[in-house]
Amino acid sequence: MKIKSNYFFAFLLTCLFSSCLIFSQELVFDSPEQLGFSNVKINRIEKVMNDLIDKGVISGAVTLVARHDKVGYLKAFGTKGAGDSQKMTTDKIFRIASMSKAITTVGAMMLYENGEFKLDDPVSQYIPEFKEMKVMVLNEEGETKPYNLVDASTPITIRHLLTQTSGITYNFFGQPYISNIYIENDISDGLTQTKESIGDMVKRLAKLPLMHEPGTQFTYGLNTDVLGYLIEVISGKPLDQYLREQIFEPLNMQDTYFFLPDSKVDRLASLNRINEQGILEQVDGEIVNGPERISSDYHYNSSKSHFSGGAGLVSTASDYYKFLQMLLNKGSYNDKNILGKKTIELMTSAQSDINYYWAKGEGFGFGFAVSKGPGFTGKPESEGMYYWSGYFSTFFWVDPKEELIGIILTQTLPYNSAVIERKFRNVVYQAIVE
């Protein structure tokens, strides 16, 4: 009778524990072995991270690996910043920069599901300033003018914004003439102090030339910032409020913001860069390097009025995992439905080729790059794996076939995917044994 009572007591505790997890929407953990990883091989992450720290590539990082709806690995390495004695912890908050794009894109697709717009609607239907666009056409070398401006033959559509094919670029990513025009017109990339609202900037951006005809090629740029303002126009709410109500609160993403509350500023990981001497150092204040403008304190020491949907969010590994697990679950997480299954399938289908050297064998869906498979990319991943990254060397990927999620958060300049993310991703994939 005593044995039965003990079994009943253990069963009761298990049920209570499970109920608490569901009620509080906390992460669910399991051992790497139970999730199909080799424990020995998954622990190679520690060697890789410590090696990057010892070589001065990063000062610290938080890594997360999940499979089959459970987290099998969550660990912090190194320190909060270069030369800092404070240990990195898994609850540290990171500037996720372009990892904001996936979140803003989901916010837009929620409006799409509600019938608020069609994908091929002209953006000018909602933001009239985009009605008459000009395209920059470069002249032959030796001509009097370096370029001419011609009328765009095709309007920018919402689909073009989602697939990064509108012809809008970034200050630091465009060809020189466009970059100069953006700088002269005070166009913000969303990485530094910006006093005006996103709407005011987008309206000014709409008066500037495009790099090419809309829909003709992939050009990475401020498309998702325009998309964020489109959300504001259609929803009638500021982007921060809309995302908080529609995504952050339902998914219990308690540490994801455009601008940090004072009580959480001390949890923000320090921003670091490798200086001209090749030494990692902390960034204090603003960096101006040609078209590159970056601020280390933008997320707490600013006017807090510019909601950059393409680059402006901060988050934690745990928060971002909840968002990714929702996507992997075809739109739901902990009984909260955010998007429909077919919408996620649409978003994670390659719809434009990424014509950049670092994206061999990859296309772009809505907010993500999508792999065509290892035979095309030469990397250990499944066809249909989707991912993106952030300017400060933050990375994530989702592999639906393996039911796998990987996240690595650092705060390092210059952006270093080839070393940081690829080493991390490789060691995770080689740890899968079943």
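In what sense, left-handed or right-handed, does helix 7 pass helix 8? The crossing is left-handed. The structure is a predicted model.

**Helix 7 and helix 8**
- Helix 7 spans residues 198–205 and helix 8 spans residues 223–235; they pack at an angle of about 120°, and their axes lie 9 Å apart.
- Because of that angle, helix 7 is oblique to helix 8.
- On the helix 7 side, the contact is made by Ile198, Gly199, Val202, Lys203 and Leu205.
- Helix 8 contributes Asp225, Val226, Tyr229 and Glu232 to this contact.
- By type, the residues of the contact of helix 7 with helix 8 are five nonpolar, one polar and three charged.

**Helix 4 and helix 10**
- Helix 4 (residues 100–113) and helix 10 (residues 317–328) cross at roughly 50°, and their axes come within 11 Å.
- Helix 4 passes helix 10 in a left-handed crossing.
- Ala102, Ile103 and Val106 of helix 4 meet Tyr320, Phe323, Met326 and Leu327 of helix 10 in the contact.
- The residues of the contact of helix 4 with helix 10 comprise seven nonpolar, no polar and no charged.

**Strand 8 and strand 9**
- Strand 8 (residues 286–289) pairs with strand 9 (residues 292–295) in the antiparallel sense, over four bridges.
- Within this pair, Asn289 stands opposite Glu292 in strand 9.
- The two strands form a hairpin with two residues between them.
- Gly290, in the turn of the hairpin, has a positive phi of about 65°.

Technical notes
Residues numbered from 1 in each chain as written. Predicted model: local features only at pLDDT ≥ 70, side-chain atom pairs only at ≥ 80, totals over all residues. Heavy atoms only, no water. Pairing = 2+ DSSP bridges. Axes fitted to C-alpha atoms, helices over the stretch in contact; angles between N-to-C directions. Parallel < 35°, antiparallel > 145°, perpendicular 65-115°, else oblique. Left-handed = near helix turned anticlockwise from the far one by under 90°. Contact = heavy atoms within 4.5 Å. Nonpolar A, V, L, I, M, F, W, Y, C, P; charged D, E, K, R; others polar.
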